[in-house]
Amino acid sequence: MDTRNEKKNLLANGAVQTLLASLVCIILGLFVGYIVLFIINPAGAGRAITTILKNFLYFPRPEVALEYFGSTLAKSAPLLMCTLSVLFAYKVGLFNIGASGQFTVGAGFALYFAIHYNAPWWVCILLAIFGGAVLGAAAGALKAYLNVNEVIACIMLNWISLYAVNTVLTAVKESGTTYTLPLRTNNPSAIIPHLGLQNLFANNRYVTIAIPLSVIFAILVWVLLEKTKLGYELKATGLSVNAAKYAGMKEKKNMILTMAISGGLAGLGAGFLYLSGIEQWSCAQTAVPNMGFNGIAAAFLGGLHPIGAVFSSFFIQHITSGGAYVDKMVYCSQISDLIAAIIIYFCGFVLFFKHCMNQRIRKAEEKKARSAEKKGEE
Amino acid sequence: MALLLQYTIIYATVLLLVALGGCFSERSGIINLGLEGIMVAGALGGALVMKYMPNLSNGAMVVSVILGSVIFGMVFSLFLAVAAINFNADQTLVGTAMNMLATAAATVLVKGINMAENPNNVASTIQYIDQKKAFSIVKIAGFEVNWFMIITIVLLIVANIVLYHTSLGLRLMACGEHPQAADSVGINVYKMRYIGVLISGFLGGLGGIVYITAGVSEWKFENGVAGFGFLALAVMIFGQWKPNLIALTAVIFGLFRALSNVYSGFDFLVALNIPGTFYKMLPYIISLLVLAVSSKKSRAPKAEGIPYDKGQR
């Protein structure tokens, strides 16, 4: 009897339910992705989906695999910051679809100051945070004072910042290409230091302290949300603006602050990506970077928990990087974007999954209670 | 000048169609942030018809392209309907997922088709140079009247009649204001909301095909529709969820969007020496300003975004 009780409690546990729901989302996402691959070309579908899931393990030699594992991690760190950005705003009742725009502005600040003013990496990082925070605060202020829907405001700001950053960074681009000048040759002091971390990953020079820093930030976000008065106030504002106002909280200030923090996190993500030197900004980009949108996927997949976000961000980046290795003769790398999108879609059903689980538990309990009653009658 | 007018009208047509779609969905109580994705789906449907049936006569071409895009748009809108109406999903999240889904799926699909035809063609582009000509009716002094403009005007009139003068429209609006009250007098809220979302799929899909045939004869599906679905939502909000006001707003927004295409043709605009990117930003800046001015006293349907719960009062 006791063991049964434990089993029931395990399923009724919120964290276990979240984990199960996320796994269901992933499996459904992969399954639908497989079907799409199958429709395009039945022969290679199985191999393509395993390639996506294997990502760096695609390389048979362990040191090469390790090196690419490092690259995946180096890109997971910025994604984790975008995830935290989306998650933080969502916890406070705001849907920050503008993480991409804040990321863009962060990239603009970081790269412009790194290349044009030869600023050291920590200055660039701080400026990236500042840029993202300002853009986030703008969306927050529009929402707080003028009741503008934050989703639409954020989308508009995304496009405005994309065009603005493209224009600004054209001043520091290579003459022959559309990409910004590489940091490694132009200003090595702007590269985030690695402090020996790269030796762990077969000398992958893109592995920097950004990776452990991003995990530390995840923990900080958790502490801020769960263990501080500010976090409590912000969450209260998210649950009910009027109740928060009635309780004497400054609801407008809280909203703006939330979006500023959220934007700062996304801006920091851009700093982590571009200041590790793994990517250069293309000034001819016609769409805002996908990082912010993948952040939405990872935030929900991680059950909207900062620690869950660490794992979900890695997973999303893992399949995104894995998409680069599918057979280019038949498929394209966007298949991982498709899988990520399907996963987000199914995340919308998480509440329903949980509802089903709880109902089953309740039914089982009722059944047990009834059988116990019967036994008593006998 | 004719060119500016031409582009203004084309973009206004797109914005009007898509914003009307958003209006029907929101009036029934479902926030449709997936309009952008619905546009991509509709555009894909129409483009595929043009690709695989290039030899249709003009009339048949117009009808089948419209059918293709409308069907794709409506089927795609079911993603929102099922999740938001039957499963009480977060409408913002589902809408966002749909936007990503549509662009990714269209890219994967078109690239797959292109690569199957020619392994060296890895572009996500569909061409329709000749097929496009079927949409044009008459050209007056450089201004081309096409079938979409006529259809849009008809649809605007129909939308007005349906929304305000039929029991369907009045019931639909009741479901967006107070679904429990509507249910209490025997209106099927779920059905009404399905109708609202499907109409938005119809109009959004149509808007998608009009958008990708506006001024260009090929479309790169990787680019999606560049935030146009969201511009349409801004038009809808500024239009206060009323078809006629929406039409007026769409023309104003269309003008600003058209400027980015044709500003170099105006001497006084060139003389201002403003960088071209500013004109690209212009529609987004204007819509932010417009939203900032009009959102404070916005009269959104009261129950929009809230999943219908029969047990609630």
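In which helix of chain A does Gly136(A) lie? Select Gly136(A) and you will find it in helix H6 (residues 121–146) of chain A, where helices (H or I, at least four residues) and strands (E, at least two) are DSSP runs numbered from the N terminus. Before going further, note that this is a predicted model, in which local features need pLDDT of at least 70 and side-chain atom pairs count only at pLDDT 80 or more, while totals for chains, interfaces and linings use all residues. Residues are numbered from 1 along each chain as its sequence is written, and chains are lettered from A and ligands numbered from 1 in the order in which they are written.

**Stop 1: around Gly136(A)**

Gly136(A) is buried, because 34 other C-beta atoms lie within 10 Å of its own; a residue is called buried with 20 or more such atoms within 10 Å, exposed with 12 or fewer, and partly exposed in between, the C-beta atoms being placed from the backbone. Leaving out residues up to four places away in sequence, select what Gly136(A) touches: Gly98(A), Gln102(A), Met259(A), Ala260(A), Ser262(A), Gly263(A) and Gly264(A). Contact here requires that the C-beta atoms of two residues, placed from the backbone, lie within 7 Å. Gly231(A), 95 residues away along the chain, has its C-alpha atom 18 Å from that of Gly136(A).

**Stop 2: H9 and H10 of chain A**

Gly231(A) also takes part in the meeting of two helices, where Leu224(A), Leu225(A), Glu226(A) and Lys227(A) in H9(A) face Leu230(A), Gly231(A) and Lys235(A) in H10(A). By class these residues divide into three nonpolar, one polar and three charged, with Ala, Val, Leu, Ile, Met, Phe, Trp, Tyr, Cys and Pro taken as nonpolar, Asp, Glu, Lys and Arg as charged, and the others, Gly among them, as polar. Display the whole of H9 (residues 210–227) and H10 (residues 229–239) of chain A, and you will see them pack at an angle of about 70° with their axes 5 Å apart. The axes are lines fitted to C-alpha atoms, for helices over the stretch in contact, and angles run from 0 to 180 degrees between N-to-C directions. H9(A) and H10(A) are therefore roughly perpendicular to each other, a word kept for angles of 65 to 115 degrees, whereas those under 35 count as roughly parallel, those over 145 as roughly antiparallel and the rest as oblique.

**Stop 3: where chain B touches chain A**

Now show both chains, and look for the 41 residues of chain B that are in contact with 40 residues of chain A. On the chain B side, helix H3 (58–86), helix H4 (91–117), helix H10 (228–238) and helix H13 (276–294) each supply at least two residues, and H4(B) gives the most, with 14. This side of chain B has 26 nonpolar, 11 polar and four charged residues.

**Stop 4**

Select Ile85(B), which lies in helix H3 of chain B and counts as buried because it has 24 C-beta neighbours inside 10 Å. Apart from its neighbours within four places in sequence, Ile85(B) is in contact with Tyr190(B), Arg193(B) and Tyr194(B). Move on to Asn88(B), in the loop between H3 and H4 of chain B, whose phi is near 50°, a positive value in a residue other than glycine. Asn88(B) is partly exposed, with 17 other C-beta atoms within 10 Å.

**Stop 5**

Among the buried residues of H13(B) are Tyr279(B), Pro283(B) and Leu288(B), and what covers the buried residues includes helix H7 (150–169) of chain A together with H10 and helix H11 (243–262) of chain B.
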